[in-house]
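Dear colleague,

Please find below the structure that I am handing over to you.

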Amino acid sequence: MLNQLADFFRDHESIFVLTGAGISTASGIPDYRDEDGEWKHRKPMDYRDFVGEHAARQRYWARSFVGWQCFRRAAPNRAHRALARLEALGRIDAIVTQNVDGLQQRAGSREVIELHGSLSRVQCLDCGDASTRETMQQRLRAANPELEHLSAQALPDGDASLEAFDRDGIRLPECKSCGGALKPDVVFFGETVPPAVVESCYARLERADAMLVVGSSLMVYSGFRFARAAAESGLPIAAINRGKTRADDLLAFKVEADCGETLGQVVSIFEENQALTT
Ligand SMILES: [Zn+2]
């Protein structure tokens, strides 16, 4: 299987890569969506609830204040680095990621399209003004000093104390330009991916000669549609994923193993082969 994957990289030089949560779990980022694309550990934040209810935004930002502290400490792992290397070696044309952690860019990948946005950015729901998540964190802390203790209590064992805090309510910073409500620049459950982002993915797929799925079960339609489009264009599709994917019947082959180990070894094989032929 590893050799088959190494050959896949030898035979194609414009691979469209689609990555999902499975590539970042080794970086300590919980696989927060389950196989149906829903949030695993908590009720998924629904776009309509977030936009329509102040209380939903309070719940989201209180949890997110805690979650961000773990998130920002995460570092790219072997799988992220291997994909960056394969891009530098001229085998990958673009990486479309369903992740919102920015780890692929931090590992050195250049052509990354964030299908579901990025947690590092915040947007105003009214005027669209963009700001950083780091600024939001500081403003949340300044407006709610008690959140600091909460994070210390909540991190080891879930949100029990967070739920208690939720009832009191958290004071939410507002847009500095217009006073509107702030939302992380990520695609929530029930929200559609911006059409311009989808278009740019299809444009990259059009010039690709193969597709590779890494760490995604493709249960979410936003990612699955690219596998379907690739299959319709006759592109070979490979996958590295533990377990079933929604595109199993479209795949040329699948490696059911750890993303980092697999890609790390494939880079070694690929580079050895390249050294032998030059
Ligand atoms: Zn605004």
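Strand E1 (residues 15-19) is joined to strand E2 (residues 92-97) by five bridges, and the two strands run parallel. Within this pairing, Leu18 has Val96 of E2 as its bridge partner. Please bear in mind throughout that this is a predicted model.

E1 also pairs with strand E7 (residues 210-214), again through five bridges and in a parallel arrangement. Leu18 takes part here as well, with Val213 as its bridge partner in E7. E7 and E8 are joined by four bridges and run parallel.

As background, strands of a sheet pair through backbone hydrogen bonds, either parallel or antiparallel. In a regular strand the side chains alternate between the two faces of the sheet.

Is E1 covered on one face or on both? Ile15, Val17 and Thr19 lie on one side, Phe16 and Leu18 lie on the other, and all of them are buried, so that both faces are covered. In other words, five of the five residues of E1 are buried.

Arg121 stands opposite Thr132 in E5.

I turn next to the helices. Helix H3 (residues 54-71) packs against helix H6 (residues 133-143) at an angle of about 120°, and their axes are 11 Å apart. H3 and H6 are therefore oblique to each other. Their crossing is left-handed. Which residues of H3 meet H6? They are Trp61, Ser64, Phe65, Trp68 and Gln69, and they meet Arg133, Glu134, Met136, Gln137, Leu140 and Arg141 in H6. By class, the residues of this contact divide into five nonpolar, three polar and three charged.

A second pair of helices, H4 (residues 78-88) and H11 (residues 259-277), packs at an angle of about 30°, with axes 7 Å apart. H4 passes H11 in a left-handed crossing. On the side of H4, the residues that meet H11 are Arg78, Ala79, Ala82, Leu83, Arg85 and Leu86. Their counterparts in H11 include Cys259, Gly260, Leu263, Val267 and Glu271. Seven nonpolar, three polar and four charged residues make up the contact of H4 with H11.

Two loop residues also deserve a note. Val193 is found in the loop between E6 and helix H9 (195-206). Is Val193 buried or exposed? Its relative accessibility is 10%, and buried means under 20%, so Val193 counts as buried. Leaving aside neighbours within four places in sequence, Val193 is in contact with Leu115, His116, Val187, Val198, Ser222 and Arg225. Of these, Leu115 is 78 residues away from Val193 along the chain, yet the C-alpha atoms of the two are separated by 6.8 Å.

The other residue is Leu218, which lies in the loop between E7 and helix H10 (221-232). Leu218 is buried, with a relative accessible area of 1%. The phi of Leu218 is near 60°, a positive value in a residue other than glycine. For comparison, most residues other than glycine have a negative phi.

Finally, some figures for the chain as a whole. The chain has 11 helices and nine strands. Of its 278 residues, 51% are buried. Among the contacts in the chain with a separation of 6 or more, 72% are between residues 24 or more positions apart.

Yours sincerely

Technical notes. Residues numbered from 1 in each chain as written. Predicted model: local features only at pLDDT ≥ 70, side-chain atom pairs only at ≥ 80, totals over all residues. Heavy atoms only, no water. Buried < 20%, exposed > 50% of the residue type's maximum accessible area, 1.4 Å probe, protein only. Pairing = 2+ DSSP bridges. Axes fitted to C-alpha atoms, helices over the stretch in contact; angles between N-to-C directions. Parallel < 35°, antiparallel > 145°, perpendicular 65-115°, else oblique. Left-handed = near helix turned anticlockwise from the far one by under 90°. Contact = heavy atoms within 4.5 Å. Nonpolar A, V, L, I, M, F, W, Y, C, P; charged D, E, K, R; others polar.
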